[in-house]
Amino acid sequence: MDSFGIIFGAVLFSILVVYSRGHVRWLLLLATSAMTASSACISLAKSSDDIILVAVCFLSISVGALIVPVQVIASMICPDDLIGTITAMTITLRVFGGAIAYAIYYSIVKHNFASRAFATVGKATIALGIFNPFEVLDVMKAVTNGQTIEPGEFPAITTQAQINKINDAAKIGWQDSYREVYLVLILFGGISVIASAFVPNVRRYMDTHIAVAYH
């Protein structure tokens, strides 16, 4: 669903760029506002709420509305002899920014889950009758590191039912750990909204001239 939403948003807003007659500011404000609002809804909702599906749908559409149309606008306003450079630069910035964001989000999730590991995985392990503190700690470390627990891997965990209970507790911990990620997304989204408000009209760059003619 995410991929289709991104593709749909990219196609729709690319078409709207043409019919907006240069008023791209309002398109970018709409996309960034929808992205920020969707992140806020996801951060407030629980995994069982149906609103998450709607929020994720709008989030994916708004992300698509920013990825391709911004590239189109950048190519439209740059000098003809710099189209290749600007295209490469925008792709590089996108990858570089994505790498930084991924590092920030991963650090937040990992730190939050580690702080919640005992309240979720630790208590679930103890509830199974495992009272050895070292074994409980090993289970918590394994789950925190994303390791898949197999029956017999730990002496006191021998059945799939025990593993399922630990995994259920881990899901709650991971779910709560992601909440702060969407709060950071709201911050980035707010910055994007403010930046979009300063995008000028690009009508004068929208003409029928050909940058490079192939014969």
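**Aromatic pairs and a helix crossing**

Okay, let's start with Y102 and Y106: both sit in helix 4 (residues 83-127), four residues apart, which is about one turn of the helix. Helices here are DSSP runs (H or I, at least four residues), numbered from the N terminus. Quick caveat: this is a predicted model, local features need pLDDT of at least 70, and side-chain atom pairs count only at pLDDT 80 or more, while totals for chains, interfaces and linings use all residues. Residues are numbered from 1 along each chain as its sequence is written, and side-chain values use heavy atoms, leaving out hydrogens and water.

So, how exposed are they? Y102 is exposed at 57% relative accessibility, and Y106 is partly exposed at 46%. The cut-offs are under 20% relative accessible area for buried, over 50% for exposed, and partly exposed in between (1.4 Å probe, protein chains only).

Now Y105 and F188: their ring centres are 6.5 Å apart with planes at 50°, so this pair is tilted. For Phe, Tyr and Trp (its six-membered ring), a pair needs centres within 6.5 Å; planes under 30 degrees apart are stacked, over 60 edge-to-face, and the rest tilted. This pair links distant parts of the chain, with Y105 in helix 4 and F188 in helix 6 (residues 160-196), 83 residues apart. Y105 is buried at 18%, whereas F188 is partly exposed at 32%.

V139, V143 and T144 of helix 5 touch I166, A170 and W174 of helix 6, where contact means heavy atoms within 4.5 Å.

Note on methods. Helices (H or I, at least four residues) and strands (E, at least two) are DSSP runs, numbered from the N terminus.
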